[in-house]
Amino acid sequence: MSDTHTEQMPLFSELGLAAPVLKALQDVGYERPSPIQAAAIPHLMAGHDLLGQAQTGTGKTAAFALPLLSRLEAGNRNTQILVLAPTRELAIQIAKDAEKFGAALGLRFALVYGGVDYDKQKTMLEHGSDIIIATPGRLIDYVKQGVVSLHACEVCVLDEADRMFDLGFIKDLRYLLRKLPVRTERQTLLFSATLSHRVLELAY
Ligand code: AMP
């Protein structure tokens with residue numbers, strides 16, 4: 001990522017992130033947030049919802065992963081965060097970043113996507129997870145079978161929402177949203193490269 005704008009940014013250590021997350025940032029050598037991170041982190045640390053227009057390459061994954069990981073409750077036995085991505089490539093990339101930033105937190109991650117490893121992913125979910133990163137279609141299978149419950153999930157991230165429409169996932173997405181706590185009792189984040197009419201309607 002280019003750091004053309006970063007000199008005017010605060011340091012990560014000034015944004016109230018949890019100590020283990022700051023340590024992970026130090027280990028990967030990130031000192032200052034990108035513009036989207038500087039805007040999103042304080043807002044998400046305060047527990048607010050977010051609608052973000054962001055392309056890949058702007059640092060959007062860390063913009064949501066750093067504050068959400070910082071706010072996780074240690075020892076909670078339920079899934080706390082659900083991240084939905086339209087493609088398996090994006091889900092894998094998000095899981096990589098989240099595991100990197102959250103390595104010292106002792107979290108259980110579940111990566112769920114179609115096409116492979118049905119039973120392996122099922123076993124992983126049955127053992128319990130703090131964070132699920134998933135494509136919608138495969139996760140729905142597990143929810144319908146009662147393998148996983150989302151009723152206590154406090155944070156939901158919808159990444160690349162415009163592509164969710166392009167790939168025909170919107171019905172699946174709405175189904176999964178209905179399995180989460182009601183809107184007022186969860187934190188919801190939506191990222192999209194374009195804020196088209198259909199994306200804004202979904203956000204609403
Ligand atoms: P993303 O937009 O999330 O795909 O991130 C783009 C790339 O920038 C990824 O390789 C990140 O690891 C990297 N990156 C994210 N935030 C920062 C930062 N604050 N400083 C340096 N690199 C970063």
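Predicted model: local features only at pLDDT ≥ 70, side-chain atom pairs only at ≥ 80, totals over all residues.
Residues are numbered from 1 along each chain as its sequence is written, and side-chain values use heavy atoms, with hydrogens and water left out.

**The cavity**

The structure has one cavity of 30 Å³ or more, and the volume of the largest cavity is about 70 Å³. (On a 1 Å grid over the protein atoms alone, a cavity is a set of points where a 1.4 Å probe fits but cannot get out; a pocket is an open set with protein on both sides within 12 Å along at least five of seven lines; lining residues have an atom within 4 Å of a point. Grid points are joined across faces, edges and corners, and a volume is the space filled by probe spheres set on the points.)

Who lines the largest cavity? Look for Phe-64, Ala-65, Leu-68, Leu-69, Ile-81, Val-83, Ile-94, Ala-98, Ile-131 and Ile-133. At least two of the lining residues come from each of α3 (60-70), β2 (81-84), α4 (88-101) and β4 (131-134), and α3 has the largest share, with four residues. (Helices, H or I with at least four residues, and strands, E with at least two, are DSSP runs numbered from the N terminus.)

**Helices that meet**

Helix α3 shows up in both of these pairs:

| Pair | Axes | Angle |
|---|---|---|
| α3 and α4 | within 10 Å | roughly 40 degrees |
| α2 (35-45) and α3 | 9 Å apart | about 25 degrees |

Axes are lines fitted to C-alpha atoms, for helices over the stretch in contact, and angles run from 0 to 180 degrees between N-to-C directions. Angles under 35 degrees count as roughly parallel, over 145 as roughly antiparallel, 65 to 115 as roughly perpendicular and the rest as oblique. The axes of α3 and α4 cross at roughly 40 degrees. That makes α3 oblique to α4. Helices α2 and α3 are therefore roughly parallel to each other.

On the α3 side, Thr-61, Ala-62, Phe-64, Ala-65, Leu-66 and Leu-69 meet Ile-94, Asp-97, Ala-98 and Phe-101 of α4; contact means heavy atoms within 4.5 Å. That contact has eight nonpolar, one polar and one charged residues.

**The second largest pocket**

This pocket has a volume of about 340 Å³. Its lining has 15 residues, and Arg-183, Arg-186, Thr-188, Leu-202 and Ala-203 are the closest to its centre. Strand β6 gives the most to the lining, three residues. By class, the lining of the second largest pocket has ten nonpolar, one polar and four charged residues.

Conventions
Nonpolar A, V, L, I, M, F, W, Y, C, P; charged D, E, K, R; others polar.
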